[in-house]
Amino acid sequence: MPQICFYAEHCKGCGLCVLVCPHQNIRMSEDLNEHGHPFAVLVDPARCTYCAMCGRMCPDMAIEIHEDAPSSQKDAKAATE
Amino acid sequence: MEFRRPKTLKNVLTHYCPGCGHGIVHRLVAEVIDELGIRERTIGTAPVGCAVFLYDYMNCDIIECAHGRPPAVATGIKRVLPDRIVFTYQGDGDLAAIGMAETIHAANRGENITVIFVNNAIYGMTGGQMAPTTLMGQWSTTSPAGRGQLGEGGPIKVCEMLSALDGPCYLERVAVSTPKDVLRTQKAIRKAFEKQIDGKGFSLVEVLSMCPTDWKLSPKEAVEFVNEKMKAVFPLGVFKDR
């Protein structure tokens, strides 16, 4: 099962991922990350089709898609906020 | 579907503004270098401009050049070390203003190098001054009334201009303002590197990119600016392929 991972610490809150998600399944957080930016979070993991459009538009490599489940607890937490 | 950070892109935060296209272009160049398996023999030449810290972000050899001189430096590297893959990464101020002479003559000589030209129609690092590629009527700090034909002249179209020369083997203009454009840009960059590997000569990929900060737009509006305004002035497509 693929896993989409959002790395909040890399996100600058530009929202390009929100703009291009074909399922409107990404939103910006209300909290700020350690750099003072809002960060992208997945709305509903079940609706994600792993098309990677968000990741390809992200200028900061804040989104990855892994074929296998994330190996660490940190990754798992990052995937769903 | 697997989408991960390419090995050629260091796992560090960049200094780029939110919504800037440089990060996307960095990743695409890194992906192509990974795909072609050429990281250990690739040497990049970095510009002066927003991409000046390229050596902090790319996990391959990078040489920082004087403003506008990456094609000249790349020429020297490629001639001394012809087995290396040599690319330049330049913005519009570096390539089309102070470095125009180096660009034209490297292209005219058909130097076997690859040029990645990021065109965001403004000087980014220095705070939004008019660049050679600034659109007609576009506001900048040095064209506060909008760029005009009489005072400033029109935007320079680098691909069209270089296509008049016999030297270049591959010229294409692409963008990074939609996912489809990003995929097309990756293919163009790959093809440009392959031309060099095959010894065909000078290849250049012009990438239309966003600069929300200096355009005084939101990232979303900057994407719309590229799609609606820049693509109308700088049409996408292949200008030379031989």
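Two residues are said to be in contact if their C-beta atoms, placed from the backbone, lie within 7 Å. The views below show a predicted model, in which local features need pLDDT of at least 70, side-chain atom pairs count only at pLDDT 80 or more, and totals for chains, interfaces and linings use all residues. Residues are numbered from 1 along each chain as its sequence is written, while chains are lettered from A and ligands numbered from 1 in the order in which they are written.

**View 1. Surroundings of helix α1 (residues 22-36) of chain B.** Helices (H or I, at least four residues) and strands (E, at least two) are DSSP runs, numbered from the N terminus. The buried residues, among them His22(B), Leu28(B) and Ile33(B), pack against β1 (42-46), α2 (54-57), β3 (85-91), β4 (114-119), α7 (179-197) and β6 (203-208) of chain B. Just after α1(B), Gly37(B) takes a positive phi of about 65°.

**View 2. The side of chain A that touches chain B.** The contact takes 23 residues from chain A and 22 residues from chain B. On chain A, α1 (16-20), α2 (53-57) and β4 (63-66) each supply at least two residues of that side, and the largest share, four residues, comes from α2(A).

**View 3. Meeting of α3(B) with α5(B).** Pro71(B), Ala72(B) and Thr75(B) in α3(B) meet Glu102(B), Thr103(B) and Ala106(B) in α5(B).

Terms used:
The expected span of a helix is 1.5 Å times one less than its number of residues. A residue is buried if 20 or more other C-beta atoms lie within 10 Å of its own, exposed if 12 or fewer, and partly exposed in between; C-beta atoms are placed from the backbone.
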